[in-house]
Amino acid sequence: MLEIRFHGRGGQGVVTASNLLAVASDLDGYWSSAFPIYGAERRGAEIEAYCRIDSKPIRVTSPIENPDYVVILDPTLLKISSNPLRGLKKSSVIVINSPETPTFNYRTFYTNATQIAVNFGLVKSGWPLVNIIMLGSLIKAIGKISLNSLEKAIDEEFDEKIAESNKKAIRYAYENTKEVKLVVA
Amino acid sequence: MSLGTRDILNKGRLLSGTSACPGCPENITMRLVSTALGKDAVFIVVAGCSSIIQGIGPNSVYNYPVLNIAFAAGPSAASGMARAFKMRGKKVKPVVWAGDGGTADIGFASLSGAAERNENILYICVDNEAYMNTGGHRSGSTPLGAKTPTTPAGKKENKKDLPLIMIAHHVPYVATASVGYPHDLMNKIAKAKDKDGFSYVQVLCPDPYGWLFDPSKTAELGKLAVQTCYWPLIEYNEGKLEISPESLHCLDIRTRKPVKEFLKMQGRYRNVPDETVKELEDYIDKMWIRFKELYEGKISI
Amino acid sequence: MSLEYQYFPVSRPSKGAGGKTGNWRVVRPVVNLDKCIGCKACYLWCPEATIIPGDKVSIDYEYCKGCGICSNVCPVKAIQMVSEA
Amino acid sequence: MMSKVITGNEAVALGVKLSRVKVTGIYPITPQTYIIEELSEMKAKGELEAEIVRVESEHSAMAATFGAAVSGVRAYTATASQGLLYMHEMIWWVAGSRMPIVMTVGTRAVGAPWNIWNEHTDFMTERDSGWLMAFASTPQEAMDLTIQAFKITEDERVFLPMMVGMDGFILSHTKTRVYVPSQEEVDEFLPLRKQPYVLDPEDPVSMGNLFQPIDYMKFRESIHLAQINSKRVIEEIGKEYEKKINVLGNYSSLNESYKLDDADYAIVTMGAWSLDAMQAIDELRNEGLKVGLYRIRYVRPWDEEDIRKKLSNKDKVLVFDRSISFGRGGHLYLELKSTLPDIPIKGVISGLGGVSVGKDEMKFLIKKFAESNQVNEWFYPSEVEKVELRDPRHIK
């Protein structure tokens, strides 16, 4: 079973990202379950969402404490808390929205999703919509969920126009996601 | 007079042998209302005297389908019924039958909600000005100065102005009536029934055992309440306020009968202090100034 | 499965659901047929539907509770309340 | 049947639509709000042929739903927590009136203090009301039970309302694969509405006026017997559902067992964490511990016979409760205790107010229980164990 944890801020589409991944995985024939931690958080607050992917029905329901993949939609989160890096295993992989090359002691993938969002016009109420773009990076890192299924999931979720620009953006993110050469400390 | 005695002979749907106290004004109202409504109505009776008046199951003296229901649930249950009948393509009017406690107090939120949604229901408040079924305890609709078991020294607050509150909901139809004027009541119910939306009719029901007067005087008290202008007979129809003919004299303070004549017949106003009577007169006067201005179009709600 | 155990709180319209209410009466209305003009005011206001209308009215004593409203609303004072004792 | 990745709330809304509900009285409360949003959305798109009464309180939501039901149409509502407690009076009224209605309860803690997260106390406090009470463990089951509920409640041997519980957030907000039947399949399964009486001027029956004490008592006995007799109906309808609609489901019995036959120890659970428990059992069995699960799906009717059959040969039983009857213990624990007076039973209360109890905590507890019996009645997962308990303020 793959366990993926998403970190972002309220209003960034953290929950939508986790949901879309679940739908895409389902289309690829896997079982999946996606859920958020719901609190009284408002826009801007730290938010987590979870997605599990497996070849058989998923039975565990608890929040993911030891993720295989951590997706960080907003790098500024790392400045306010250590939550995004909580409970990581040696084998855990970080996928982060970052303008520069990040340095973690984990296998890391990164892309400048904020810039991509601006370039592709995915900005709403002043906020770049990075959530779906980061899914492009994530499936690149995971390797076994297809871009095709993710595109289908996006088509199901959004109106045609929004879906089209998102699909272009994830493809771009998918193709331009970089892996950081691991520096062992 | 659109409804003559011939209609009444054929249409009254209250059967003899009720569990009501002798001289019950709610029974008079039920007979008159059912006459005006005809067959195609379903009654929703909230907790109150009428829950008991129907008699003991499996029989009931109300010759209607009746849904007896908890105190605060009348207007919402009626809303659900109205929607169900709409889905079934049936022209049936849900009629909420509630006392003043169920209307002014515990049921007010659901009444206001149903009015705001303009549900296709008719709400009838049989206003005997107290929780008569439990022993005559004060409600929001009990008038100033009235002695009840929970206000033994006389109520300190004025009667809640329900008709105006309902008018402020801008529903198609709001009216007041009194058991003293049967034809006025029946005409108003007939109009309310035909509205495709929410209508509210509040009927003053002088209660011999709560107001403490001889039951044979029920109709007389119902008339006196109107003649002294204590109880206004009005009609708010599609945004226009009308004063019913029986109450037109109230527009001029000089043609009103002194409220004392109404009060002196009731035990609940025995030994009422003069200043309370004065306050009550003042309340009545202000009420009529408001109605006059509304009626003459000087103010609107 | 027999459905005998199913029992629902439903009622049907029926006269006298509150009992034979005539025996609540302490005073009885008596119509003076010479005076009655058949106007049916008593019928209109009767809270128990116990006035039987016609050219002259009569009274259903099985259910009449003796409240006396009929006597009071009669414009020609044709109904007298008489003690049951 | 087609599969979709949807939340428990969406699954229930689809079940309601497929059951051709005609009127729903709705009022928002977290975590069920998405159900009524979905229904409103379906109606706006013309997919749902129903009247939606957007009332001003939960008391009114139940009253409106009830009013519609007595007028002869299929009616549904949903609520949670404070809302469920606020409609408590009407819940009793509906059952007393013997009116088939279906309601979803997205379970949630009850204040004070405010808490929006999952626990079962709200749901369990209604167990004396006369309603049939089922509880789902997956979004799939939430939908399946909703569709079955209409048929069960409208069976002439039952004629009682039914609430279907579903863990707030854990099921209501989790997106996962759900097999959704076609309209034709549901139509074939669910016949036209039946109910004990309809309020209609053509035949003026009335409901609920005063009856003699002896009649009242007979009505109460009738509800009790209908509850007991509903067991067979639920099994029949469950089997039919399995055959006609969801071949993957397991609805032929009220409750469910997992690796129980050869188990020395049994645990009892209800709701979503039952699946975590199954996972824990698999792992513990690999470690050689012979433990099995009995999952309560129906709180009412209570399947005393099956519980005795499945559990009376166990060495001991551990009951997990996500609810509390203050001063006495977990509700399921109390029920089990009265059903199995001769077996050592222990109850553990946890997961209240959204405290997360998963597979690992289950493993810890079961192991401890099996090996030493030393399980505290109140279990706090390690990460919240060091909660600072504040002193009450002493008022002079």
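Let's start with one pair of side chains: D:E202 and B:K39 meet in a salt bridge, 2.9 Å from N to O. A salt bridge here is a side-chain nitrogen of Lys or Arg within 4 Å of a carboxyl oxygen of Asp or Glu. Before going on, note that this is a predicted model, where local features need pLDDT of at least 70 and side-chain atom pairs count only at pLDDT 80 or more, while totals for chains, interfaces and linings use all residues. Residues are numbered from 1 along each chain as its sequence is written, chains are lettered from A and ligands numbered from 1 in the order in which they are written, and side-chain values use heavy atoms, with hydrogens and water left out.

Back to chains B and D. Between them the count is six salt bridges, plus 15 residue pairs in polar contact, both residues at pLDDT 80 or more. A polar contact is a pair of N or O atoms within 3.5 Å; within protein, one must be able to donate a hydrogen and the other to accept it, and residues adjacent in sequence count only if both atoms are side-chain atoms. Which part of chain B gives the largest share of the side that touches chain D? That's helix 4 of chain B, with 10 residues. Other elements that give two or more residues include strand 1 (41-46) and helix 6 (108-116) of chain B. (Helices, H or I with at least four residues, and strands, E with at least two, are DSSP runs numbered from the N terminus.) Sorted by class, this side of chain B has 22 nonpolar, 13 polar and eight charged residues. Here Ala, Val, Leu, Ile, Met, Phe, Trp, Tyr, Cys and Pro count as nonpolar, Asp, Glu, Lys and Arg as charged, and the others, Gly among them, as polar.

In total, 43 residues of chain B are in contact with 39 residues of chain D, where contact means heavy atoms within 4.5 Å. Of the four pairs of chains in contact, B and D share the most contacts. Together they bury about 3,000 Å², 63% of it on carbon and sulfur atoms. Buried area is the accessible area (1.4 Å probe) that two parts lose on being put together, summed over both.

Now look at where chain B meets chain C. Here 41 residues of chain B are in contact with 30 residues of chain C, and the buried area is about 2,600 Å², with carbon and sulfur atoms giving 59%. How many salt bridges are there between chain B and chain C? The count is zero, but there are 20 residue pairs in polar contact, both at pLDDT 80 or more. Chain A and chain B, on the other hand, do not touch; their nearest C-alpha atoms are 28 Å apart.

Last stop: the cysteines. A search of the whole structure finds one disulfide over all chains, counting cysteine sulfur atoms within 2.5 Å. The disulfide joins B:C229 to B:C250, S to S 1.9 Å. Both cysteines sit in loops of chain B, so the pair ties together parts that are 21 residues apart in sequence. Both B:C229 and B:C250 are buried, using under 20% relative accessible area for buried, over 50% for exposed and partly exposed in between (1.4 Å probe, protein chains only).
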